[in-house]
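Welcome to a short tour of a protein model, written for someone who likes to know the cut-offs behind each term. Please have the viewer open as you read.

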Amino acid sequence: MIKRLSLLNAAAALLAGAALSLSALAAPAPAPADLDQGIRALQDDWAVIQYQTPAKQREARFEALSQTAHALTARYATRAEPHIWEGIILSSWAGAKGGLGALGLAKQAKAEYETAIQIDSKALGGSALNSLGVLYYKVPGWPVGFGDNKKAEALLQQALALNPDGIDANYFYADYLVYRNRKTEAVPYLEKALKAPPRPGREVADAGRRQEAQALLDTVR
């Protein structure tokens, strides 16, 4: 029942208080150097766990990484980026864990994504919108969970509008279309994901996502 909780990849903490609802109209300040370094470390570790670690070891590794992510979020609570990455790691931990126990992690991830959207929905190319959309179609619907296909599609389309050439935005919208049995519609998005420009420093993640996109494309052609 909780099978579709896995992220891929992604891509599940209480909402922060009113201090986080800073004006979205103001341009975000440049990220401090140590925040950038912290995000890069989370990205690197996540990619290694997701794509290069045996499946049996992923749950424990994601659990440990979630603690590092939470510490960064606590330090930079008014920045969207750490909330996004804590959400991605929680979602991935949920996917590795599976079963009903994963639903609590997915709810925590949802809260992190919602907080990030409150702060800056465009941060990291709209990754919070994309990742929250993924949760909405991978988590079961009522009465078990909060899954909602209409919300998923709306969020995934918003993410695509912000990052039309992005590998993740195209892959996950395609994955959603395949899930809804709209396979023909998914093909151009998968082809675009395979041609997406490389992300400097994200080589492991890009290679893993391209493999997933190619595998999905092979199943729908």
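## Ground rules

Buried here means under 20% relative accessible area, exposed means over 50%, and partly exposed is in between, with a 1.4 Å probe and protein chains only. By that rule aspartate 206 is buried, because its relative accessible area is 3%.

This is a predicted model, in which local features need pLDDT of at least 70 and side-chain atom pairs count only at pLDDT 80 or more, while totals for chains, interfaces and linings use all residues. Residues are numbered from 1 along each chain as its sequence is written, and side-chain values use heavy atoms, with hydrogens and water left out.

Helices are DSSP runs (H or I, at least four residues), numbered from the N terminus, as are strands (E, at least two). Aspartate 206 lies in helix α9, and so does alanine 205, in a helix that covers residues 203–220. With 18 residues, α9 reaches 26 Å from its first C-alpha to its last, close to the 26 Å expected at 1.5 Å a residue. The expected span is 1.5 Å times one less than the number of residues.

Which residues of α9 are buried? They are Ala205, Asp206, Gly208, Arg209, Ala213, Leu216, Leu217 and Val220. An α-helix has 3.6 residues a turn, so residues three or four places apart point the same way. The buried residues of α9 pack against α1 (33–52), α7 and α8.

Contact means heavy atoms within 4.5 Å. Alanine 205 counts as buried because its relative accessibility is 3%. Apart from neighbours within four places in sequence, alanine 205 touches Trp46, Ala47, Tyr51 and Arg199.

## Salt bridges

A salt bridge is a side-chain nitrogen of Lys or Arg within 4 Å of a carboxyl oxygen of Asp or Glu. The count by this rule is 13 salt bridges. Asp168, Arg199, Asp206, Arg209 and Glu212 are linked in a network of them. Glutamate 59 pairs with lysine 97, with the closest N and O atoms 3.4 Å apart. This pair links distant parts of the chain, since glutamate 59 is in helix α2 (residues 55–75) and lysine 97 is in helix α3 (residues 80–97), 38 residues apart. Glutamate 59 is partly exposed at 29% relative accessibility, and lysine 97 is partly exposed at 38%.

Another salt bridge joins aspartate 165 and lysine 192, whose closest N and O atoms are 3.4 Å apart. Aspartate 165 lies in the loop between α6 (149–162) and α7 (167–179) and lysine 192 in helix α8 (residues 183–194), so the pair ties together parts that are 27 residues apart in sequence. Aspartate 165 is partly exposed, with a relative accessible area of 42%, and lysine 192 is partly exposed, at 34%.

## Lysine 110 and its partners

Lysine 110 forms a salt bridge with glutamate 114, the closest N and O atoms being 2.7 Å apart. Both residues lie in helix α4 (residues 101–120), four residues apart, about one turn of the helix. Is lysine 110 buried or exposed? At 18% relative accessible area, lysine 110 is buried, whereas glutamate 114 is partly exposed at 23%.

Lysine 110 also lies over the face of phenylalanine 146, at 5.5 Å from the ring centre. A charge sits over a ring if NZ of Lys or CZ of Arg is within 6 Å of the ring centre and within 35 degrees of the ring normal.

## Aromatic pairs

Rings of Phe, Tyr and Trp (its six-membered ring) pair if their centres lie within 6.5 Å; planes under 30 degrees apart count as stacked, over 60 as edge-to-face and the rest as tilted. The whole structure holds eight aromatic pairs. In one of them, tryptophan 46 and tyrosine 51 have ring centres 5.8 Å apart and planes at 90 degrees, so the pair is edge-to-face. Tryptophan 46 is buried, at 3% relative accessible area, while tyrosine 51 is partly exposed at 21%.

The rings of tyrosine 137 and tyrosine 176 are also edge-to-face, because their centres are 5.4 Å apart and their planes are at 70 degrees. Tyrosine 137 lies in helix α5 (residues 123–138) and tyrosine 176 in helix α7, so the pair ties together parts that are 39 residues apart in sequence. Tyrosine 137 is buried at 1% relative accessibility, and tyrosine 176 is buried at 0%. Ring pairs link Tyr137, Tyr173, Tyr176, Tyr179 and Tyr189 into a cluster.
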